[in-house]
Amino acid sequence: MTLWRKSPDLTLLIALWLLLAIGIVLLLPQMLASWSITSILQFATLLSLVALGQSLVVMTGGGGIDLSVGGNVSLSAVIGMLALDQGINPAWLPLICLLTGTLAGAINGWLIARLRLWPLIVTLGSFYLFSGLALALTGGAAIAGVPTALTQWGRGAQFFIPLPFLTCVIPAFLIAWLILSKSAWGKWIYACGFNEHATRLVGIPVDRLRLLAYCLSGLLAGCAGFVSLTWLGSARPEIGVNLELESLTAALLGGVAIFGGRGSVVGVLAAALMLVTIKTCMLQLGLNSVWQLGVVGMLLIIVLMAQRLFIYRR
Amino acid sequence: MRRIATAVCSLSLLFSGYSLAAEKVAFVPQIIGIPYFQAMEAGGKRAASDLGVEFVYSGPVDTNPMDQLQIVQNLIAQKVNAIGISVLDASSIAPVLAQAKANNVHLFTSDSDAPDSGRPVYVAQATDQGLGETIIDEMVKRVGERGKIGIVSGEATASNLNSWIGFMQQRVKSKYPHITLLKPQYAGGSASRAAQIATDLMSANPDLKGLIAMASTTCPGVAQAIETAGKNGKVIGSGFCSPNTARAYLKSGAFGYTVLWDPEKLGYLTVWAGKQLIDGKAFSAENRVPGFAEPVKFDSKTGVLLLGAPAVFTKENVDQFKF
Amino acid sequence: MHMTSREIALLAIALLAIAGFSWFSPWFATVDNLLTILRNSSELLLIALGMTLVIAMGGVDVSVGVVMGVAAWGVGQLLLTNSPWLAALAGPLLGLLLGLMTALVVVIGRIPAIVGTLGLFGVWRTGLFALLGGQWLSGLPGTLTGGLMHSLLGVPVMAWIIGLVWASVWLVLRHTPYGLWLLAAGNSEEKARLAGIPVTQVRIATFMISGLLCGIAATCYIATYRNVEMTVGGSLALEAIAAVVLGGTRITGGSCSLLGTLLGVLLLRILQNGLLLVGIPSLWQTVVTGAVLLIVLSSEAASSRVFTFRRLA
């Protein structure tokens with residue numbers, strides 16, 4: 001009962017997961033096999049990373065949203081491979097992807113935090129910019145040629161957990177969780193979203209925090225771009241398609257409020273995993289993939305209506 | 001209601017155990033919901049009932065490589081015996097090849113190829129070269145050996161479309177030096193964008209003599225653009241379009257001709273090839289396939305199973321075909 | 001007529017673009033080409049108009065493209081039954097209905113507009129697929145086309161309809177209480193309620209009007225393309241938002257610029273057309289759109305920081 005009172009969104013998420021788990025046990029017991037879990041985690045890696053960035057941005061409030069994450073992922077992957085083509089040592093690849101992502105995020109952050117432009121519009125513009133650049137620079141073709149050493153890492157697994165998930169997603173979420181729940185920075189981030197005016201009055205650098213949030217979102221997008229390179233073995237300029245909507249869905253299902261000020265990254269990870277699991281289950285049941293869109297859409301509406309009913313009834 | 005029934009059926013299938021394991025052949029298109037792949041699905045179903053296998057048809061909603069990959073992986077996990085994929089990109093199946101081998105699943109390509117991936121066979125509608133050359137040759141037959149021709153393609157990332165464009169460019173360079181083939185423009189998957197681009201191309205090049213729509217999704221848009229601009233007959237439209245989509249435009253003159261193959265037969269051949277792989281039968285240079293008038297050729301060097309030569313549809317013969 | 005600085009800036013950019021493109025391509029400034037640009041803008045003009053109202057009210061709607069798609073399906077189906085009048089009306093009616101459903105989710109369900117419409121986007125997309133039965137509706141009869149493309153005084157009927165729609169919305173905004181209420185609700189919902197404005201009804205009405213406009217756009221779409229596929233209208237929502245924001249309507253609500261939206265839509269289409277005509281590959285069009293959006297917004301923000309006292313005035 002106390003969990004319900006303290007964080008109803010998390011409870012809702014847990015309830016959904018329980019329903020899902022029961023459904024799987026009854027209808028698709030073969031999904032409990034190890035390869036199935038590995039597969040789900042593999043597909044969830046990109047989404048989780050991007051959803052974490054998205055939730056950080058949304059949590060800092062002020063209408064924070066990042067529609068450009070998908071384009072960012074594609075661009076980071078493309079620039080990484082273009083650099084490789086120019087003869088740069090493959091050892092620099094992860095750094096290049098991370099740097100490109102962070103730089104892209106910084107552009108967003110600067111326009112939003114310094115010039116006080118609205119995030120929806122700025123990230124819409126940068127979405128066009130980044131995804132367009134990714135396509136235009138490659139002429140639409142994928143750039144193959146990722147060194148085998150890296151693809152081995154990208155496709156490998158330890159204890160049924162894919163290596164990228166183990167080395168990127170889990171540490172990222174751990175660090176985020178630690179910062180948000182245990183440090184002063186975390187409290188500042190929540191404060192930004194909860195009541196911007198009061199936060200500014202107290203002297204907390206709201207703008208700098210928002211800039212940081214967008215840079216982090218960019219960094220995570222760059223990381224996702226790198227992971228996609230090592231997994232697919234090539235840079236696909238459309239790899240980021242739909243990621244912005246999916247990451248927003250994961251963040252919202254995970255309990256992050258659209259206006260900021262509340263949410264937990266644990267919920268976001270759980271939501272991202274749930275979305276991928278639902279997709280996989282539907283495929284296993286032989287349902288046409290179109291129904292996923294509808295199911296996830298309905299889920300979003302229902303979960304948010306439930307949140308409205310139970311949470312904001314202070 | 002149908003979905004609940006499907007779930008119940010899956011449930012009962014599970015309980016009946018895998019003892020009745022019918023052999024399963026799957027086909028994964030680039031995108032569902034378009035008539036072209038619908039026709040392939042129909043062919044696949046027909047082959048499945050003829051050959052006594054189970055046919056699975058599952059594809060992504062958007063031309064999203066991740067979605068296609070997830071579907072393929074799921075099929076491998078479901079121990080579908082053979083999976084034919086119309087790959088969005090040559091690197092589409094790279095991550096799952098090892099897994100497929102480990103699970104004794106035969107992964108092969110159909111309709112769109114991944115030549116260096118080590119796939120056992122590519123079920124080709126016609127050679128990419130044949131397609132590119134035929135469409136250019138037919139266009140030159142109608143517009144003469146001098147002039148400008150525009151290309152409206154679909155997704156910039158579709159490797160089969162890009163391959164055809166490459167052969168078209170080669171053909172023009174080697175055989176028709178006085179033809180200018182404009183750089184391809186990409187309309188994504190939408191008819192309205194294709195129409196917009198086609199119209200703009202005609203405005204930019206008033207001496208444009210021909211327009212080629214590369215993807216079946218761009219066909220209606222290009223044809224409509226020619227009709228709206230009132231250039232029926234002045235600009236010869238064409239593309240890799242199905243007779244059903246192109247019929248109205250062939251009759252009105254917006255399209256001079258279209259090039260395609262029979263996707264229903266391609267679907268049939270795909271399932272047949274899958275069954276051959278499951279049975280461990282090798283492909284001979286000429287293969288007899290039930291329901292096919294001519295033997296189907298197989299090139300062991302490239303691993304290509306060829307459906308046949310591309311078919312040209314015109315105002316005269318379009319009514320004979322129903323796809 | 002008094003024009004805001006943003007509208008003037010847009011007009012200047014549009015004229016500059018036209019001049020630039022005409023310099024580099026002799027085919028740009030022809031009557032044919034300019035008409036083409038207008039024709040290509042038909043659906044976006046209607047959808048962006050609806051989006052202007054929604055944004056002025058403080059919301060946003062990312063499902064407009066798919067709503068147009070579903071309405072287009074309805075128009076197409078009725079066209080197949082050989083009743084062009086019914087088909088033409090089906091578009092707006094279906095759009096109205098879908099707008100009502102959006103309103104129910106966002107206004108009654110009290111879900112933030114961006115999230116609610118995001119969910120509805122997925123639901124309608126699946127719905128369209130189910131309605132189409134996985135196929136396309138193609139080769140539709142041209143009965144509607146004949147009607148809407150018919151020239152009345154040298155201008156096609158469709159253009160008259162779009163013009164009339166714009167004029168009506170402008171009149172409603174200027175001369176009915178709804179217009180005032182819309183801006184007040186967009187400005188501050190609380191204060192509007194306190195002032196006795198029926199905010200809930202205003203919001204529901206706005207979504208319904210936006211749906212209606214999408215429906216009219218659907219009829220125009222069928223008349224032009226005679227084809228319905230599942231991906232119809234996919235990117236229209238974002239383009240509409242870009243056009244509206246370019247035009248000066250603030251995303252926070254409370255202000256509204258119809259002229260701005262008109263200029264925004266035209267500028268977007270001029271850029272797309274012009275770039276192709278001067279030979280820049282179509283893949284760069286989105287890059288330019290994004291760049292223009294960001295540059296216009298940041299230069300205005302940067303300059304307004306210098307002239308803050310003018311903004312307060």
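In chain B, residues 24 or more positions apart account for 73% of the contacts with a separation of 6 or more; two residues are in contact if their C-beta atoms, placed from the backbone, lie within 7 Å. The model is predicted: local features need pLDDT of at least 70, side-chain atom pairs count only at pLDDT 80 or more, and totals for chains, interfaces and linings use all residues. Residues are numbered from 1 along each chain as its sequence is written, while chains are lettered from A and ligands numbered from 1 in the order in which they are written.

Chain B contains 10 helices and 15 strands. These elements are DSSP runs numbered from the N terminus, with helices (H or I) of at least four residues and strands (E) of at least two. The radius of gyration of chain B is 20 Å, close to the 20 Å that the globule rule gives for 323 residues, so chain B is as compact as a globular protein of that length. The radius is taken over C-alpha atoms, and the globule rule is 2.2 Å times the number of residues to the power 0.38. Along the principal axes, the C-alpha trace of chain B spans about 65 × 45 × 35 Å. Of the 323 residues in chain B, 61% are buried. A residue is buried if 20 or more other C-beta atoms lie within 10 Å of its own, exposed if 12 or fewer, and partly exposed in between, with C-beta atoms placed from the backbone.

## The sheets of chain B

Chain B has an open sheet of eight strands with mixed pairing, in the order β2-β1-β3-β4-β5-β14-β13-β12. Strands β2 (54-57) and β12 (286-287) of chain B stand at the edges with a single partner strand each, so one side of each is left without a neighbour in the sheet. Two strands pair if DSSP finds at least two bridges between them. Within this sheet, β4 (residues 106-110) and β5 (residues 122-124) of chain B pair in the parallel sense over two bridges, and Ser110(B) stands opposite Val123(B) in β5(B). Helix α2 (residues 35-51) of chain B lies across β1 (24-28) and β2 of chain B, and runs at about 165° to β2(B). For such angles, axes are lines fitted to C-alpha atoms, for helices over the stretch in contact, and the angles run from 0 to 180 degrees between N-to-C directions.

Another parallel pair in chain B is formed by β9 (residues 208-213) and β10(B), over four bridges. In this pair, Ile212(B) stands opposite Ser238(B) in β10(B). In a regular strand the side chains alternate between the two faces of the sheet. Strand β10 (residues 236-239) of chain B is covered on both faces: Ile236(B) and Ser238(B) are buried on one side, and Gly237(B) and Gly239(B) on the other.

## The two domains of chain B

Chain B is divided into domain 1 (2-126 + 262-308) and domain 2 (128-260), with bounds that come from an automatic or database domain assignment. The C-alpha centres of domain 1 and domain 2 of chain B lie 30 Å apart. Their contact takes 10 residues from domain 1 and 13 residues from domain 2 of chain B. On the domain 1 side, the residues divide into seven nonpolar, two polar and one charged. Here Ala, Val, Leu, Ile, Met, Phe, Trp, Tyr, Cys and Pro count as nonpolar, Asp, Glu, Lys and Arg as charged, and the others, Gly among them, as polar.

## Chain A and Arg210(A)

Chain A has 14 helices and four strands. The radius of gyration of chain A is 19 Å, close to the 20 Å that the globule rule gives for 314 residues, so chain A is as compact as a globular protein of that length. Of these 314 residues, 58% count as buried.

Arg210(A) is found in helix α11 (residues 206-232) of chain A. Arg210(A) is buried, with 27 other C-beta atoms within 10 Å. The C-alpha atoms of Arg210(A) and Ala113(A) are separated by 6.2 Å, although these residues are 97 residues apart along the chain. Not counting residues up to four places away in sequence, Arg210(A) touches Thr60(A), Gly62(A), Gly64(A), Gly109(A), Ile112(A), Ala113(A) and Cys192(A).

## The contacts of chain C

Chain C is in contact with chain A through 38 residues of chain C and 37 residues of chain A. Helix α6(C) gives the most to the chain C side, with 13 residues. By class, this side has 25 nonpolar, 11 polar and two charged residues.

Towards chain B, 27 residues of chain C are in contact with 30 residues of chain B. The largest share of the chain C side, four residues, comes from α2(C). This side has 10 nonpolar, 14 polar and three charged residues.
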